[in-house]
Amino acid sequence: MAGAATPRRSPLALVAGALVALSLVAGLCALGVWQLHRLQWKRELIAMVDSRIHAAPIPIPAPADWGKVSESRDAYRKVRIEGHYLHGRETLVQAVTTRGGGYWVLTPLRTDGGFTVLINRGFVPPEKRAPAARAAGSPPGNTTITGLLRMTEPGGGFLRANDPAANRWYSRDVAAIAGARKLGPVAPFFIDADATPNPGGFPIGGLTVISFRNTHLAYAITWFILAAMTAVAALYSGRRELQARKAED
């Protein structure tokens, strides 16, 4: 018994199918082009940050300019600041680094101008968590700090919210830390101190991770491949339809 013939689609169905395929191909190509634009943006960002971290240090933004500070304009700029630490108001923020797990030591630095900037002085392992275990690294008096300007990290870490009441910190949330420590006027950013050694060896500065995930090219290629596959499938389907119609005529 001969197999039943595949029913032909109506002209309206053919047109609708072609429009759907065309829309899919156009949409996938648009996503690929968008990823190429993102790739260019990411490359420019990496180049910009690289130029900032290798530039000579500049003064930090003055309080009158804090409202203009932004990630695109200021993040990772090399800056210099002078003042004295308020060691008794430091905050430990959980950290995972190339040296293992431990804590960032964020200490307020009070400037002669009367405002305060949080300084991420660097990393300490769990056994150096207590200030008494690294007393040599907390010198009194004025000091000059050079480091990278970083944007605040509000909210907390991945799946873990900061808990100021319990003094548990998972991100460097400047406003929350300033409120918990009653610091008064505080810059809306913090400074990652450079690798200049601290007395006694702790905290360990200069551990800023400067890494930008850049998978835009792979995504662009994926979208373009999907667009090509969709186009090929649509053309193959249309060709079979034409062949079936010719065989019946």
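Predicted model: local features only at pLDDT ≥ 70, side-chain atom pairs only at ≥ 80, totals over all residues.
Two helices, α1 (11-53) and α4 (216-248), each contribute at least two residues to the nonpolar patch, and the largest share, 6 residues, is supplied by α4.

Across the whole structure, 8 salt bridges are found. Among them is the pair formed by lysine 68 and aspartate 65, whose closest N and O atoms are 3.9 Å apart; aspartate 65 has a relative accessibility of 30% and therefore counts as partly exposed. A further salt bridge joins the side chains of aspartate 163 and arginine 168, with an N to O distance of 3.9 Å. In this pair, aspartate 163 is partly exposed at 30% relative accessibility, and arginine 168 is likewise partly exposed, at 46%.

The side chains of arginine 172 and aspartate 192 also meet in a salt bridge, at 3.7 Å from N to O. This pair links distant parts of the chain, since arginine 172 is located in the loop between β8 (160-161) and α3 (174-181), whereas aspartate 192 belongs to strand β9 (residues 186-193), the two being 20 residues apart. Both arginine 172 and aspartate 192 are buried, and these two residues take part, together with Arg150 and Glu153, in a network of salt bridges.

How values were computed
Residues numbered from 1 in each chain as written. Heavy atoms only, no water. Helix = DSSP H or I, 4+ residues; strand = E, 2+ residues; numbered from the N terminus. Salt bridge = Lys/Arg side-chain N within 4 Å of Asp/Glu carboxyl O. Buried < 20%, exposed > 50% of the residue type's maximum accessible area, 1.4 Å probe, protein only.
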